[in-house]
Amino acid sequence: MPSPDPRPAAPASVASPPNPGPWPPAPGLRFSRPLLWLLNKECRELIVSRSWWVLLFGMGPLVGVSFISAVRTYAEVSGLNGTAAGVGEALSPLIGVWAPAFSACELVAVFLLPFVAIRLVAGDRQSGALKLELQQGMSPFTRIATKGAVLLAGWAVAMLIPLSAILLWKSYGGAVYVPELATLATGHLLNAGLTIGLAAAMSALTEHPSTAAILTLSVTVGTWIVNFFGAVQGGWWERAAGYTPAAMVAEFQHGLLRLDTSLVALVLIAAGLSLAAIWTRLGIAARRRVYESLGIGLLAAAAILACTLFTASWDTSESRNNSFPETDERALAQIHAPLTIEVHLAPEDPRRSDLEHRALSKLRRIMPNLRMRYVAATSIGLFEQTRAGYGEIWYDLGGRKTMSRVTTAEGVLEAIYSLAGVAPPPENDEAMFRGAPLAVPPRGAGIIFYGVWPCLVLASGILTRRSFK
């Protein structure tokens with residue numbers, strides 16, 4: 001009879017469970033698709049990100065300062081505390097309240113949102129989570145698009161605080177016009193998308209998050225420089241400045257929805273995310289990624305040029321601040337001859353800015369055959385005042401010419417009607433916007449923006465981070 005083997009029996013082999021990644025799904029949740037796994041991971045990454053909670057915390061006081069100041073000024077102009085009653089009839093809540101209140105979103109998108117996006121994209125490379133994502137078999141564009149969607153969702157949460165200002169304004173008895181508010185929110189959403197696309201591209205191109213942050217802010221400051229040169233030099237600089245994020249947000253804040261600027265913003269967002277997808281593919285030769293990046297750049301440039309050809313626009317403001325009266329628009333639409341306007345004013349001359357914003361920007365939306373030409377020897381026009389012809393505005397409609405020095409909308413329309421031989425339409429006082437005055441102080445706004453919201457964000461951040469540890 002054989003003696004028993006004194007050595008212990010080898011344990012049965014047990015297959016080790018697959019590595020679910022650094023942030024596995026919560027107990028009881030099993031995702032059968034890699035996309036859902038990645039979506040769950042990115043949501044958890046965002047929730048435990050300190051930069052996102054700092055963004056939420058700072059949004060409340062920034063919106064509060066802007067909103068309270070705007071409402072107080074609006075109330076005083078409307079007749080509060082003995083000021084001239086009736087002046088507020090010329091005010092629109094979009095210009096007087098919502099544009100200043102939502103301007104805090106622009107500051108947050110420029111100075112705080114890039115760090116959230118960099119944390120979500122560049123942090124994966126440093127922690128090694130990027131290698132786990134690559135093992136899931138998803139395309140790089142799907143991975144980057146998922147990160148972008150999560151970041152936009154985080155931005156939507158941050159937008160709750162400026163949107164809550166609408167409820168406060170409504171409780172004061174203020175008027176709310178939904179189309180102009182929807183346009184304003186869309187503009188800030190596109191601006192946030194531009195920041196996310198830029199930050200994602202810089203995070204993928206660089207090796208360290210701090211370098212990505214510096215490059216992102218450098219590009220942002222570069223767009224401000226383009227705006228400065230556009231205001232000083234004019235010409236192509238001025239045309240390029242019209243597509244910068246600051247100019248785009250300014251148009252949305254005035255209730256103007258332009259198809260070309262919206263499409264250009266979407267193209268730039270897609271280009272930024274595509275560059276991030278290309279440079280997050282580990283193991284691909286750098287030369288190949290450079291060639292692919294150049295291809296993305298050429299495609300984006302061609303798409304941007306194509307987008308500038310779209311001239312459709314919509315004035316969603318209740319006051320029709322971006323449009324002529326409807327009677328004048330119908331009369332101008334009947335003029336089909338090409339119109340050329342030659343303006344002899346320097347870029348920094350206040351009359352040129354007044355002419356552009358009050359008349360010419362509105363005229364471009366009605367007459368697609370309009371051609372503009374600015375003539376000036378200097379940028380400030382200080383020493384051109386004594387020159388013959390400075391300050392003249394020449395109109396050429398189908399070969400008929402006239403000259404005027406009036407920079408108001410009424411003067412521009414009068415010159416065009418005289419050349420076209422069209423009688424000016426009668427004014428319709430009933431269709432004129434009468435304003436929405438509201439002489440009410442911002443009661444309770446300070447408590448909400450300076451107290452309730454920061455405390456709510458602080459408590460939610462502590463509880464959430466503890467639950468995910």
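Is helix α12 mostly covered or mostly exposed, and how many of its 21 residues are buried? Mostly covered: 15 of the 21 are buried, where buried means under 20% relative accessible area with a 1.4 Å probe, protein chains only.

This is a predicted model, where local features need pLDDT of at least 70, side-chain atom pairs count only at pLDDT 80 or more, and totals for chains, interfaces and linings use all residues. Residues are numbered from 1 along each chain as its sequence is written, and side-chain values use heavy atoms, with hydrogens and water left out.

**View 1. Helix α12, residues 259–279.** Helices here are DSSP runs (H or I, at least four residues), numbered from the N terminus. From first C-alpha to last, α12 reaches 31 Å, close to the expected 30 Å; that expectation is 1.5 Å times one less than the number of residues.

**View 2. Helix α1 (residues 34–47) crossing helix α4 (residues 113–127).** Their axes (lines fitted to C-alpha atoms over the stretch in contact, with angles from 0 to 180 degrees between N-to-C directions) come within 10 Å and cross at roughly 125°. On the α1 side, K41, E42, E45 and L46 meet V116, R119, L120 and D124 of α4; contact means heavy atoms within 4.5 Å. By class, that's three nonpolar, no polar and five charged residues. Asp, Glu, Lys and Arg count as charged, Ala, Val, Leu, Ile, Met, Phe, Trp, Tyr, Cys and Pro as nonpolar, and the others, Gly among them, as polar.

**View 3. Helix α6 (residues 140–158) against helix α7 (residues 160–171).** This pair packs at about 35°, axes 5 Å apart. A156, V157 and A158 from α6 meet L160, I161 and P162 from α7. The contact has six nonpolar residues, with no polar and no charged ones.

Definitions and conventions
Helices (H or I, at least four residues) and strands (E, at least two) are DSSP runs, numbered from the N terminus. Buried means under 20% relative accessible area, exposed over 50%, partly exposed in between (1.4 Å probe, protein chains only).
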